[in-house]
Amino acid sequence: MPDGCACDRHAHMYLTVSDALARGLSVADPIKETEAVPLIDAIGRVLAQDCTSKVDMPAFDNSAMDGYAIRTADLGNGPVLALPVAGRIAAGDDGTHSAPAGAALRIFTGAPVPSDFDAVLMQEDCEVTADGIRFTRRPKPGQHIRRSGEDLKAGAPILRQGCEITAREAAVLASAGYGEVTVYRKLKVTIFSTGSELRQPGEELGPGQIYNSNRYMLRALLDKPWIDLTDVGPVEDEPAVLEQVLRETCESADLIITTGGVSVGDEDHMPRLFAEIGGQTDVMKVAMKPGKPIMFGRRGDALYVGLPGNPVSAYVTWQIIGSHMMARRAGLHHVPQTPENAVLAEPLERRAGRQEYRPVVIEGVMPDGTPRLRLMASSYSGRVALLAQADGLAVIPAETETLAMGQVLPFLRF
């Protein structure tokens, strides 16, 4: 998606979104360690090997439906054809059945087709008689037979290293004969929230205190089978405490994610503390709205992502940048979500300078099916309720100052 330029008076201080993402991906080195696990335990994990089929798929000629196996050479020339039925083959049988010349075999879907039979009649095309079957629709050789290896030959590639093993991948691995696969070890992720004002849901709020929504948002975003998550919880804005927690997590985690404390206020300690413990900061500010104060860097083998404290900002910066860095770190061949086209239901005026990700609701659709979007509040970085109400994010290029009603723009659907 286009970034355009960063046109406001602080533009020279910011990276564009695409530049920040490219830099983030360049430092998110994939983990190397792998483990072999049973396929039943590999669901949701990241595949660490290229896989080829161990067997022909299907492994033998079999019937594509319930009906009757026949030899087309046995058929006469009359308009009505009749054959006796000399046996029955079900799925799981060994396929060694035989029948006299001029006889059919009752067969069921998935059952092996004997080598001297070359077609299957659908049962719907047959009339069952006391002597066998009658039919008028003459089959062609090969009809309704799934040939051995027509889906995939043994040795053919089925999956590439770096994919997440979801339902489709699990199905093809099972069909190809994999009882065990090699996956990357789980990514060790540690999260904590900074802020002395934070309280947990269910606790009493005192003056100036708020509930910690970011913690639960991150827990949901990181609930993946390929993640080993450690949740430190909230950490007060005390530099000595923050430094100790940050130092310890950098020693044990592949990826540390924090929310809050990465801007330029007196209580925003994370950039300074990260530098003091030997961390290298790769990005500090990005020309995006919401989420200008996003920080990421490295210390040893640990990758650090510091998200803004405002919940909408934290969510957007994570989805647009942080999540892709994490996917690469975990060994995933990750493809970012492709925006779809949508049209504005109302005009927009804004200040150019940062690429904006505005929460929107789908108000309806155009005659061609394109979503029509209603913009939500113009001030939204701290309004977490908007995330639950929104249908997605409209992407407004950085250089754009005005958009007319009906203007086409990219839309990231939730």
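Predicted model: local features only at pLDDT ≥ 70, side-chain atom pairs only at ≥ 80, totals over all residues.

I started with I257 and skipped its neighbours within four places in sequence.

Next I looked up the core around it. I257 is listed with L222, L255, I321 and Y357 as having the most contacts inside the largest nonpolar core, which has 50 residues. I then checked which elements supply at least two residues each: among them are helix 1, strand 14 (187-194), helix 4 (213-221), strand 18 (255-259) and strand 22 (302-307). Helix 7 gives the largest share, ten residues. I also found a second, separate core of 18 residues, with L159, L173, A176 and Y178 included.

Helix 7 made me curious, and I turned to its meeting with helix 1. How close do the axes of helix 1 and helix 7 come, and at what angle do they cross? For residues 17-27 against residues 311-329, I noted an approach within 9 Å and a crossing of roughly 20°. Angles under 35 degrees count as roughly parallel, so helix 1 is roughly parallel to helix 7. I wrote the crossing down as right-handed.

Last, I listed who meets whom. Helix 1 brings V17, A20, L21, G24 and L25, and helix 7 answers with I320, I321, H324, M325 and R328. By class, I logged seven nonpolar, two polar and one charged residues in this contact.

Note on methods
Residues numbered from 1 in each chain as written. Heavy atoms only, no water. Axes fitted to C-alpha atoms, helices over the stretch in contact; angles between N-to-C directions. Helix = DSSP H or I, 4+ residues; strand = E, 2+ residues; numbered from the N terminus. Parallel < 35°, antiparallel > 145°, perpendicular 65-115°, else oblique. Left-handed = near helix turned anticlockwise from the far one by under 90°. Contact = heavy atoms within 4.5 Å. Nonpolar A, V, L, I, M, F, W, Y, C, P; charged D, E, K, R; others polar. Core = buried A, V, L, I, M, F, W, Y, C linked by side-chain atoms within 4.5 Å. Buried < 20%, exposed > 50% of the residue type's maximum accessible area, 1.4 Å probe, protein only.
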